[in-house]
Amino acid sequence: MASGTVVKIKREDDEMDSQQHLGGNPFAALFSSVNDVQRFIAVKDVDRSDPVRQMSASIELAEDHQKNDPVDSDEALTLSYALERIFLITLDVENSALKPSRSVFLSDMFASNHKQTRLDMNVLEQAVFERLLMQQLKGNVIASALPDESDPQAAYVEAVEPAVLLYLGQCYARLLAEKTFEKVTTGHLKKCKDIIISNATTALVMTDLYTGQNLHQQICDLFFNSTSTSNFDSVKEFLQRVFVSLDESEEASLNDSMAPSLEIIRTELLRLSILDPMVRHYLEFLKFMSTTPCLAQVLINYSMPTNEKDGKGYAVSLLGSVLSLSCLPKNQLVTAEFFNKPSTVSQQEHQITERNLWLLIKNLNDEIYTAFYNMLRLSPEIRHLLLKWLGKCLHANAEKAKMWTQHAAEDGTLAPDGFMLNLGNVLLRLCKPFSKPQSDNLMKVDVAYAKATVNDDDESRVRGKHLQGRV
């Protein structure tokens, strides 16, 4: 046998012995294969006095590992591109069809993280926070020139969105629409949601962190700008989770955090005509608030007048401002918006106006009833709070039944007629289940209710007695 053949066989035998020896080493389990262990040992055997050779060997080892583990590499790259599409941020200036058409390059983070080019779950929280604090967004936009790009200007505006809550709300909508998370680890979806909600909650708790931003106006803008879009459900879910997170936070009160936004909405509602297209958006917000216990409680508490005996105070509250939407004037001193000079308009025009108003009023009453019904069924505590609001409102406006109501309205002490008509419509609908002829529910009504009295709020809650005064 030739000497070269003998040497080759001996080398192969030595390699097999080495692999068997390493395979029995418990620390070898930290590597993906025995070959990786051998390469690691080779790096360590390089002359330590030559750092250049040692670094080159380390890079070679990392490249070999990436080649030998393509599944892990592909998944990491897929996740990175998905995070870029969701948050419109990047650490990579290279172009790719899988990247968003416009994204913000996080240059400071790129430099501080040893020029890492991929986004992953370990750096995502830091990346999002840095994006929110960036002042020069427009100067850091990276464009991926895609041939099928339909609206580059819209993509650019979306990428450089400066408003914190609008940006986070859009990220949440893109997250729910992202299909990549069906293929990668399911825990990534939850962590992304948590990061978005956490940053939004922090912004509302620590408003001074984001100078120059009207975060409470952003809540209104985010909701009302999405009511007619395909992202409306995503926005509602986002805001609901943010408000629930605020309610659970020990650092802030949900009532205090939402008060500025609710005041914006209340003020806008009081100036609206029933013909205004924005009415539909505000009714959607009312229904949104009525489906979550903590939000419904905030809505009712914010609608309670400071002076509970002020009848008009209920009409100008948040709930009352919706009930006050009407075709009737809000008081006798205001010029009627409709049918002001009937003799100057043809009968046909009157009929068209009446038909349009009836449709608007019916839709208004349907939406208000839905919100009240939702709250009554939400929880015993919310039911008690709403019934208490209704009982105090009716008691404060009891004088509406007397002949001198017109003079009281001029003095501004009672709720307007339009408010009372809409409230009466809601109450009649709520009475419908036990008002039908021969209804079985009628027998459930306690005949002693009218004479029952309660001494405090706790007794009112237990006995279900909320109407005040003589019935």
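Q: Which helix supplies the largest share of the lining of the largest pocket?
A: This is a predicted model, in which local features need pLDDT of at least 70, side-chain atom pairs count only at pLDDT 80 or more, and totals for chains, interfaces and linings use all residues. Residues are numbered from 1 along each chain as its sequence is written, and side-chain values use heavy atoms, with hydrogens and water left out. Helices are DSSP runs (H or I, at least four residues) numbered from the N terminus, and H17 (347–378), H18 (380–396) and H20 (417–431) each give at least two residues to this lining. The largest share, five residues, comes from H18.

Q: What is the volume of the largest pocket?
A: On a 1 Å grid over the protein atoms alone, a pocket is an open set of points with protein on both sides within 12 Å along at least five of seven lines, a cavity is a set where a 1.4 Å probe fits but cannot get out, and lining residues have an atom within 4 Å of a point. Points are joined across faces, edges and corners, and a volume is the space filled by probe spheres set on them. For the largest pocket, this volume is about 1100 Å³.

Q: How many residues of the lining of the largest pocket are charged?
A: The lining comprises 29 residues, with Arg383, Leu387, Phe434, Tyr449 and Gly464 nearest the centre of the pocket. Asp, Glu, Lys and Arg count as charged; Ala, Val, Leu, Ile, Met, Phe, Trp, Tyr, Cys and Pro as nonpolar; and the others, Gly among them, as polar. The lining divides into 18 nonpolar and four polar residues, with the charged ones numbering seven.

Q: Which helix gives the largest share of the lining of the largest cavity?
A: The largest cavity holds about 50 Å³ of space, and its lining has nine nonpolar residues, with no polar and no charged ones. Helices H12 (254–271), H13 (278–289) and H16 (318–323) each supply at least two of the lining residues. The largest share, four residues, comes from H13.

Q: Why are glutamate 284 and lysine 287 separated by about one helical turn?
A: The side chains of glutamate 284 and lysine 287 meet in a salt bridge at 3.7 Å, N to O; such a bridge is a side-chain nitrogen of Lys or Arg within 4 Å of a carboxyl oxygen of Asp or Glu. They are about one helical turn apart because they lie three residues from each other in helix H13.

Q: Which residue forms a salt bridge with lysine 388?
A: The closest N and O atoms of the pair are 3.4 Å apart. The pair links distant parts of the chain, 69 residues apart, with lysine 388 in helix H18 and its partner in helix H21 (residues 457–463). Glu381, Lys388, Asp457, Asp458 and Arg461 are linked in a network of salt bridges, and the partner of lysine 388 in this pair is aspartate 457.

Q: Is aspartate 458 buried or exposed?
A: Aspartate 458 forms a salt bridge with arginine 461, with closest N and O atoms 3.2 Å apart. Buried means under 20% relative accessible area, exposed over 50%, and partly exposed in between (1.4 Å probe, protein chains only). Arginine 461, at 33%, is partly exposed. Because the relative accessible area of aspartate 458 is 52%, this residue is exposed.
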